[in-house]
Amino acid sequence: MDNQAVQRRSKQPVAMRERLVDTAVELLINEGVANTTTSAVQRRAGVSRGALLHHFPSRALLLASTVERLVQLNEQQLNESFLHLVEPETDVEQALIALSDNMARPSYLAEMELWVISRNDQELRDALYKAEKAARFDLDRVVGKLLSCWKDYDNYQLLADLSVEFIRGVAFSDILRHRPEYRYRMISLWTDLIKGSLAQ
């Protein structure tokens, strides 16, 4: 067997895993967690049951494997939104709105949906925790870019963490409301509170 054939064979398992993860991410975003079963992923990817189970012995591991990809997708979308801001380094409200809009996208809500169902699934919760912890650096980097004008304050990290948690909650509530104007108003009020705190 020549070197090229060996290289092709060594890449096959990686390509198969990527194919399965891509399929699971697509199903999560478009059809939700309930419809992202191992059988559905197997059928959509066009692979055998054995091939899927070789890479992902459980549904929890399959779902957890999508987190990194979802985080990357969400970061890309956020960066695209960020580029449209007029003065992102000074306009905190617009920066937080960009973050909020990103958290209201189907790809981010798919990530949140995974969090919710992990409440009663220890294996999924453990896998998600590990994946989210690994992705935390990327989130901190993006948020740091959005909130760069706060970095000179001693309590920057607290303000950043509180803002992320607040906006995540508002975006989650918007699933029922479907009222972006309410979400924007809450962000405006939050921004005023932070500015008032920093001015003291």
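This is a predicted model: local features need pLDDT of at least 70, side-chain atom pairs count only at pLDDT 80 or more; totals for chains, interfaces and linings use all residues.

Q: Why is Glu31 called partly exposed?
A: Buried means under 20% relative accessible area, exposed means over 50%, and partly exposed lies in between (1.4 Å probe, protein chains only). Glu31 has a relative accessible area of 37%.

Q: What makes Arg44 and Glu31 a salt bridge?
A: A salt bridge needs a side-chain nitrogen of Lys or Arg within 4 Å of a carboxyl oxygen of Asp or Glu. For Arg44 and Glu31, the N to O distance is 2.8 Å. The pair meets the rule, so it is a salt bridge. Arg44 lies in helix α2 and Glu31 in helix α1, so the pair ties together parts that are 13 residues apart in sequence.

Q: Which salt bridge joins Glu26 to Arg44, and how do you know it counts?
A: The side chains of Glu26 and Arg44 meet at 3.4 Å, N to O. Glu26 is in helix α1 (residues 3-31) and Arg44 is in helix α2 (residues 38-45), 18 residues apart.

Q: Why is Arg183 called buried?
A: Its relative accessible area is 4%. The cut-off is under 20%, so Arg183 is buried.

Q: What is the salt-bridge partner of Arg183?
A: Arg183 pairs with Asp101 at 3.0 Å, N to O. Arg183 sits in helix α10 (residues 180-199) and Asp101 in helix α6 (residues 92-103), 82 residues apart. Asp101, at 27% relative accessibility, counts as partly exposed.

Q: How many salt bridges does the rule give?
A: The count is eight. Glu18, Asp22 and Arg69 are linked in a network of salt bridges.

Q: How do you know that the length of α10 agrees with its residue count?
A: The expected span is 1.5 Å times one less than the number of residues. For the 20 residues of α10 that gives 28 Å. The end C-alpha atoms are 28 Å apart, which agrees.

Q: What makes the buried residues of α10 one side of the helix?
A: Arg183, Met186, Ile187, Trp190, Thr191, Ile194 and Leu198 are buried in α10. They cover an arc of only 140° around the axis, which puts them on the same side of α10. The arc is taken from the directions from the helix axis to the C-beta atoms. Arg185, Leu193 and Ala199 are exposed on the other side.

Q: How many helices and strands are in the chain?
A: There are 10 helices and zero strands. Both are DSSP runs, numbered from the N terminus: helices are H or I with at least four residues, strands are E with at least two.

Notes: Residues are numbered from 1 along each chain as its sequence is written. Side-chain values use heavy atoms; hydrogens and water are left out.
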